[in-house]
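Please look through the sequence and the model shown below before reading on.

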Amino acid sequence: LHLTPTSHLSSLPIWSRQRAFRPQRALEIAKSKLDSRVPLPGAIALCRVEGGGLHVVDGQHRVAALAILERWQSEEGADYVKE
């Protein structure tokens, strides 16, 4: 188990064999978390590829949702609700 800042996690590429990333899905997750005190479920799985780089294997939509929430919070403050 490792902890890393959202900014680092969201900069990692998605593993090439993972299902397609859908930005709208990430936005839906972010919006649903604005009114929720329940954290995002599950772990974010990463793999180390040849050459030592990390890729997101599972959780790419949750990673993107965290990045969206972080951006909204920095733009407007923690209580801001995006429409």
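Leaving out residues up to four places away in sequence, R62 touches I29, L40, P41, G42, A43 and I44, where contact means heavy atoms within 4.5 Å. This is a predicted model, in which local features need pLDDT of at least 70 and side-chain atom pairs count only at pLDDT 80 or more, while totals for chains, interfaces and linings use all residues. Residues are numbered from 1 along each chain as its sequence is written, and side-chain values use heavy atoms, with hydrogens and water left out.

R62 has its place in helix α3, and G42, one of the residues that R62 touches, is 20 residues away along the chain, with 9.3 Å between the two C-alpha atoms. Is R62 buried or exposed? With a relative accessible area of 14%, R62 is buried, given that buried means under 20% relative accessible area, exposed over 50% and partly exposed in between (1.4 Å probe, protein chains only).

The side chain of R62 also meets that of D58 in a salt bridge, at 3.5 Å from N to O; the term stands for a side-chain nitrogen of Lys or Arg within 4 Å of a carboxyl oxygen of Asp or Glu. Side chains of opposite charge can pair when their charged atoms come close. Because R25 and E28 are 3 residues apart in helix α2 (residues 23-34), about one helical turn separates them. R25 is partly exposed at 34% relative accessibility, and E28 is partly exposed as well, at 41%.

H61 lies in helix α3 too, and at 11% relative accessibility H61 counts as buried. Its contacts, apart from neighbours within four places in sequence, are A20, F21, R22, R25, A26 and I29.

A26 and I29 lead on to the largest nonpolar core, whose 8 residues are A26, I29, A30, A64, A65, I68, L69 and W72. Such a core is a set of buried Ala, Val, Leu, Ile, Met, Phe, Trp, Tyr and Cys residues joined through side-chain atoms within 4.5 Å. Helices α2 and α3 (60-76) each supply at least two residues of this core, and the largest share, 5 residues, comes from α3.

Helices (H or I, at least four residues) and strands (E, at least two) are DSSP runs, numbered from the N terminus. Of the 83 residues of the chain, 23% count as buried. Among contacts in the chain with a separation of 6 or more, 64% are between residues 24 or more positions apart.
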